Amino acid sequence: MTSIARKNLLEDIPRFLVAQAGIMFAVSLVTIQTGLLSGFTRSTVLLIEGSDADLWVASDRMVHFDFTEPILYDLANKAKDVEGVARSEALMLGGARWRPADRESSPLKLIGFDPGGTLFTRGTLVS
């Protein structure tokens, strides 16, 4: 076995270069996929991590954060009546399309919350 490996490494240079190119391509694909997964994971939990809320109340038919049935505002407001709850604020999620004058339309995620509340922060607004 050692002689075959030595032959592939030292004597058959074109085969060695093709093998190295394949390995580099595979490593780059894994690196790109890991970066994409990390970016998607971070962007998905930004709203939750940026919130000061200790408890989230959602519909019992919730599939994931972006795909859930809304609950009535009255039910969200009733959470204030539970013992130990200091504050309750509603959150509304939606989607839209943004179409700038000179470019193609882009999908947009709309997040609605009480701007005077304390559980969600606006972040930096730019014009």
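Tutor: Start with Pro115, which sits in the segment after strand 2 (106–113). Helices (H or I, at least four residues) and strands (E, at least two) are DSSP runs, numbered from the N terminus. The model is predicted, so local features need pLDDT of at least 70 and side-chain atom pairs count only at pLDDT 80 or more, while totals for chains, interfaces and linings use all residues. Residues are numbered from 1 along each chain as its sequence is written, and side-chain values use heavy atoms, with hydrogens and water left out.

Student: Is Pro115 buried or exposed?

Tutor: Buried means under 20% relative accessible area, exposed over 50%, and partly exposed in between (1.4 Å probe, protein chains only). Pro115 has a relative accessible area of 53%, so it counts as exposed.

Student: Where is confidence lowest, and where is it highest?

Tutor: Confidence is given as pLDDT, the predictor's own figure for each residue, from 0 to 100. The protein chain has a mean of 83, with 95% of its residues at 70 or more. Helix 1 (residues 2–11) is lowest, with a mean of 75, and helix 2 (residues 13–44) is highest, at 91.

Student: What does the UniProt record say about residues 16–37?

Tutor: UniProt positions are given in the numbering used here, feature names are shortened, and annotations may be inferred rather than shown by experiment. The unreviewed UniProt entry annotates residues 16–37 as "transmembrane region". In the model this span is 100% helix and 0% strand, and its end C-alpha atoms lie 32 Å apart. Gly22 is in helix 2 and is partly exposed, because its relative accessibility is 39%. From Gly22 to Lys78 the C-alpha distance is 60 Å, for 56 residues along the chain.

Student: How many salt bridges are there?

Tutor: A salt bridge is a side-chain nitrogen of Lys or Arg within 4 Å of a carboxyl oxygen of Asp or Glu. The count here is 2. One joins Arg87 and Glu89, with the closest N and O atoms 2.7 Å apart. Glu89 is buried, because its relative accessibility is 15%, whereas Arg87, at 40%, is partly exposed. Asp102 and Arg103 also form a salt bridge, at 3.9 Å from N to O, and both of these residues are exposed.

Student: Which residues lie nearest the centre of the largest pocket?

Tutor: On a 1 Å grid over the protein atoms alone, a pocket is an open set of points with protein on both sides within 12 Å along at least five of seven lines, and lining residues have an atom within 4 Å of a point. Trp56, Val57, Glu89, Ala90 and Leu91 lie nearest the centre, out of 34 lining residues. The largest pocket holds about 930 Å³. Strand 1 gives the most to its lining, with 3 residues. By class, the lining has 24 nonpolar, 4 polar and 6 charged residues.

Student: What is the volume of the second largest pocket?

Tutor: A volume is the space filled by probe spheres set on the grid points, which are joined across faces, edges and corners. For the second largest pocket it is about 150 Å³. Its lining includes Ser43, Phe65, Asp66 and Lys109. Helix 2, helix 3 (46–49) and strand 2 each give two or more residues to that lining.

Technical notes
On a 1 Å grid over the protein atoms alone, a cavity is a set of points where a 1.4 Å probe fits but cannot get out, and a pocket is an open set with protein on both sides within 12 Å along at least five of seven lines; lining residues have an atom within 4 Å of a point. Ala, Val, Leu, Ile, Met, Phe, Trp, Tyr, Cys and Pro count as nonpolar, Asp, Glu, Lys and Arg as charged, and the others, Gly among them, as polar.
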